[in-house]
Amino acid sequence: MLAPVPRPPGSLAVRCSRALLSPRSRLSMLALLLLSAAALVVLYEPQRLLASGWPPQTSGAGAVLLFGLAYGVCTAAFVPRPVLNLAAGALFGSAAGLTAAIAGTVLGAGIAFTLGRLLGQDALRPMVRGRWLTAADGQLSRHGFRSMLAIRLFPGVPFAAANYCAAVSRMGYVPFLVATGLGSVPNTAAYVVAGAQAGEPGSPAFLFSAGFIVLSGVAAAVVAWRKRHGLRAPAPVTAPEPESELEPETAVGAAR
């Protein structure tokens, strides 16, 4: 009678770890994490900073650093950046507010990119199908820096959506973060200056920043329309080139 083959020790733990680390399980963890973050945002309402201000016990460089950290966490949790940018200008002025906002922007983008890359890329990449998704993935994967720079300069794509789309693509960390930092400066500066000058809506700085925000929005809409029109346009069909006729001498030689 054959003796039963003993199961290798730790086989159940190995199976459980594989199930927990599978692409679908990690994607579920990402979805749960993002839903929890969104619920916390709705519960605590960070946009109240515009009305209630910053806690009085924090001031100076420490307050700017703390605001930058909170800014990064909030943007990763889908808090709209324009609200945070206006708050940065209203609380710290143009220079310090812009520093805190850009630092928080890069931090929040890095958090979202890391979460998307670790928890969502393996499960979502097989779903990249269709004309638009394939074109967007190819653009981000092959030309990551300039594509992300254009997305940040023309704020037509939501910040969180751009972060997670970039994470699903094959873009590298360094091009993503550098393009985010550089491309976010103009639009972020406009909102920060508008927040800093909100008490004087007739000042030249406020009017210039408000005009820049409107123009950048119009430019983003135009660029998005042109890209959409280009994707919808059918690809040109190239006719096959006719075979070149043999020269008389070649034809005679071939006949021989």
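I count two rings of Phe, Tyr or Trp (its six-membered ring) as a pair if their centres lie within 6.5 Å; planes under 30 degrees apart are stacked, over 60 edge-to-face, and the rest tilted. By this rule I get five aromatic pairs.

**Ground rules.** I am working on a predicted model, where local features need pLDDT of at least 70, side-chain atom pairs count only at pLDDT 80 or more, and totals for chains, interfaces and linings use all residues. I number residues from 1 along each chain as its sequence is written, and side-chain values use heavy atoms, with hydrogens and water left out.

**Overall fold.** I looked up the secondary structure. The chain has 12 helices and zero strands. Helices (H or I, at least four residues) and strands (E, at least two) are DSSP runs, numbered from the N terminus.

I then checked burial. Buried means under 20% relative accessible area, exposed over 50%, and partly exposed in between (1.4 Å probe, protein chains only). Buried residues make up 31% of the 256 residues.

Contacts next, meaning heavy atoms within 4.5 Å. Of the contacts between residues at least 6 apart in sequence, 77% join residues at least 24 apart.

**Surface.** The chain exposes about 16,300 Å², and carbon and sulfur atoms supply 70% of that. Areas come from the Shrake-Rupley method with a 1.4 Å probe; for residues, only the protein chains shown count as cover.

I found a nonpolar patch of about 500 Å², made by Leu-65, Leu-66, Leu-69, Val-73, Leu-107 and Ile-111. Patch residues have over 30% relative accessible area and no salt bridge; nonpolar side chains (Val, Leu, Ile, Met, Phe, Trp, Tyr) are joined within 5 Å, like charges within 9 Å. A salt bridge is a side-chain nitrogen of Lys or Arg within 4 Å of a carboxyl oxygen of Asp or Glu.

Helices α4 (60-76) and α5 (81-124) each supply at least two patch residues. The largest share, four residues, comes from α4. I checked Leu-69, which is in α4. Leu-69 is partly exposed, at 44% relative accessible area.

**Aromatic pairs.** I opened the pair Phe-78 and Tyr-164. The ring centres are 6.4 Å apart and the planes at 40 degrees, so the pair is tilted. Phe-78 lies in the loop between α4 and α5 and Tyr-164 in helix α8, so the pair ties together parts 86 residues apart in sequence. Phe-78 is partly exposed at 38%, whereas Tyr-164 is buried at 14%.

I also noted the backbone of Phe-78. Its phi is positive, about 75 degrees, although Phe-78 is not a glycine. Most residues other than glycine have a negative phi.

Elsewhere, Phe-67, Tyr-71 and Phe-92 form one aromatic cluster. Arg-81 lies over the face of Phe-159, 5.0 Å from the ring centre. My test for a charge over a ring is NZ of Lys or CZ of Arg within 6 Å of the ring centre and within 35 degrees of the ring normal.

**Asn-163.** I looked up this residue in helix α8 (residues 159-168). Asn-163 is buried, with a relative accessible area of 1%. Leaving aside neighbours within four places in sequence, Asn-163 contacts Gly-108, Ala-109, Ala-112, Phe-113, Arg-152 and Phe-176.

**Val-178.** My last entry is in helix α9 (residues 173-183). Val-178 is partly exposed at 39%. Val-178 and Val-106 are 72 residues apart in sequence, and their C-alpha atoms are 8.4 Å apart in space.
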